[in-house]
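Colleague: Please take a close look at the aromatic packing in this structure and describe its surroundings as one connected account.

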Amino acid sequence: MIEILSQNSILLLFVVASLGYLIGNIRFKGSSLGVAAVLFTGLAFGAIDSRLQIPEVVYLLGLVLFVYSIGLSSGPAFFNSYKKNGLRDIVFIISMLLFSGLIAGLLWMAFNFSAATITGAYAGSTTNTPALAGVIDYITNNFENGVAEIMINQSVIGYSFSYPMGVLGGIISILIMEKLLKIDYEKEKQVLRHQYPVGDNLTSATVQVTNPAIVDIQIRDLFAEHNWNIVMGRIFSNGKVRLSHWNMTLELDDMIMIVGDPEDVEDAISVIGKRTKSYLQFDRTKFDARRIFVSNPDVVGHSIASLELDKKFDAIVTRIRRGDVDMLATGETVLEMGDRLRFMARREDLKKLSDYFGDSYAASSRVNLFSFGFGIGLGLILGNIEFNFGNGFIFKLGYAGGPLIVGLLLGALRRTGPLVWTLPYSANVTLQQIGLILLLAGIGVSSGHTLVESLNIEGLCIFMASVIISIVTAISMLFIGYKLVKIPFSLLMGIVSNQPAILDFANSRTGNHIPQFGYAMMFPLALIMKIVIAQILFMVLV
């Protein structure tokens, strides 16, 4: 069997991926490793025989697919977050990264490591391959061949021993701190739902207008005054059913269908009047409801308000379903390919709406290979640009940083003229999963044998150092960030997720994608800082 796997790297890849995925779904006391198990399965296979190898291009492809897809989906929330909390988040992230470098320096003294070994251990503990590459490049350019070879080997051994703990340490830290801090993920989701697209627990109600203070005031002014986060649908007034619009005014005893989060609905009811039972929600004599897929690229990337639907149809969008998430439809909501819009409209307009938005599931699931490939190409070009600060101090954004930064920028743009950059939700999730599995399987198999060869006293010390660096840094970030800086724990989990497997684990713990926004917020800055810190650490300690 080993002989067959050693001669067929594609077979090896899928054996590791399938077994790892199976193991990752095994739950123990309510927890599971998730896709991170693919990494550890790869390590086990790599440790069995040095001939078992997966080509480097496979896991580099996985890395590029994963980070670029993350960037596209996180771009808008990433920039909105930095607009709101930019300085706070940047100072916090840089401070914690410097703290991890300080811990590495103290461990160098405690364990009497060489500068190359502790620098490799730092890069592995923070799962930052570009940081290791930067140090190796510095060694190559500044030391004689024999000395350089020894130092490079020490760095690689330090990296190989500490990398697995860099992943496992983050997962362990999350489990420890969520228990100690008694985190309520559902409560955090409710707090963050207005800032991040995590979905709403939508409900509807019929409300009777009994408050004379809101009579003869335009609906747009009522929304502005009370900061309502609801949608008004049909209104029964003077014996007629109409669809609401911003210029409409309300009268006493009008019946209004409203949609929103239960808490927001109750807030609106307390101002408008009283909840009532009415046939209005079942009345389909004039207006009917339908869900329509967004598959027309001409409307993707545009806000609902900018489409001016009220000038073309007698219709209103009440809800949007994106993936598994239900969201309230507002004028500022920007449409994405694959969104399912819930319309309330005249029957004769429903067919026109279907034609306008496309309403094709097949078309809404397709990937525009031109924009997708062009975006990744731009990311790879950016990643290969060398930033040279003299004295051998250079770095590249690499296969991770370049595509991620370009993905964030293009995701925030959404479209440029007729070119749509974003991916359909289903396609984005699939590409993330495929990329992550390719990445973890490749890295695991490649690192497994080196790990076994280095099993000695020094290897044990390196492993212990990596335990301290990864767990102390992660726990400190989670505690200080949550208690002192007041960053929601769900976002902090993404900030400490220095490796995609940790991010996937964090997403599984929250049951939503809030950690993904923390990851996208942290990764570009952390990638650059870790490269800088690793080279400074080596230059100071050598």
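Modeller: There are 13 aromatic pairs in this predicted model, where rings of Phe, Tyr and Trp (its six-membered ring) pair if their centres lie within 6.5 Å, with planes under 30 degrees apart counted as stacked, over 60 as edge-to-face and the rest as tilted. Because the planes of phenylalanine 66 and tyrosine 519 stand at 70 degrees, with ring centres 6.3 Å apart, this pair is edge-to-face. It joins distant parts of the chain, since phenylalanine 66 belongs to helix H4 and tyrosine 519 to helix H19, 453 residues apart; helices are DSSP runs (H or I) of at least four residues, numbered from the N terminus. Both phenylalanine 66 and tyrosine 519 are buried, that is, under 20% relative accessible area, against over 50% for exposed and in between for partly exposed (1.4 Å probe, protein chains only).

As this is a predicted model, local features need pLDDT of at least 70 and side-chain atom pairs pLDDT 80 or more, whereas totals for chains, interfaces and linings use all residues. Residues are numbered from 1 along each chain as its sequence is written, and side-chain values use heavy atoms, without hydrogens and water.

Beyond four places in sequence, tyrosine 519 touches Phe66, Val67, Ile70, Gly494, Ile495, Ser497, Pro500 and Leu503, contact meaning heavy atoms within 4.5 Å. Tyr519 is also among the residues with the most contacts inside the largest nonpolar core, together with Leu12, Phe92, Ile174, Phe489 and Phe538. That core has 99 residues, a core being a set of buried Ala, Val, Leu, Ile, Met, Phe, Trp, Tyr and Cys residues joined through side-chain atoms within 4.5 Å. Helix H19 supplies its largest share, 16 residues. Another core, of 23 residues, lies apart from it and includes Ile292, Phe313, Val317 and Ile320. Phe313 also belongs to an aromatic cluster with Phe343, Tyr356 and Phe357.

Helices H4 and H19 also meet at a cavity. Together with H7 and H16, they each give two or more residues to the lining of the largest cavity, and H16 gives the most, 5 residues. A cavity is a set of points on a 1 Å grid where a 1.4 Å probe fits but cannot get out, and lining residues have an atom within 4 Å of a point. Among its 20 lining residues, Thr473, Met477, Val496, Asn498 and Lys530 are closest to its centre. Thr473 is also a contact of serine 100, a residue of helix H4 that counts as buried because its relative accessibility is 2%.

Conventions: 1 Å grid on protein atoms, 1.4 Å probe; cavity = no way out; pocket = protein on both sides within 12 Å on 5 of 7 lines; lining within 4 Å.
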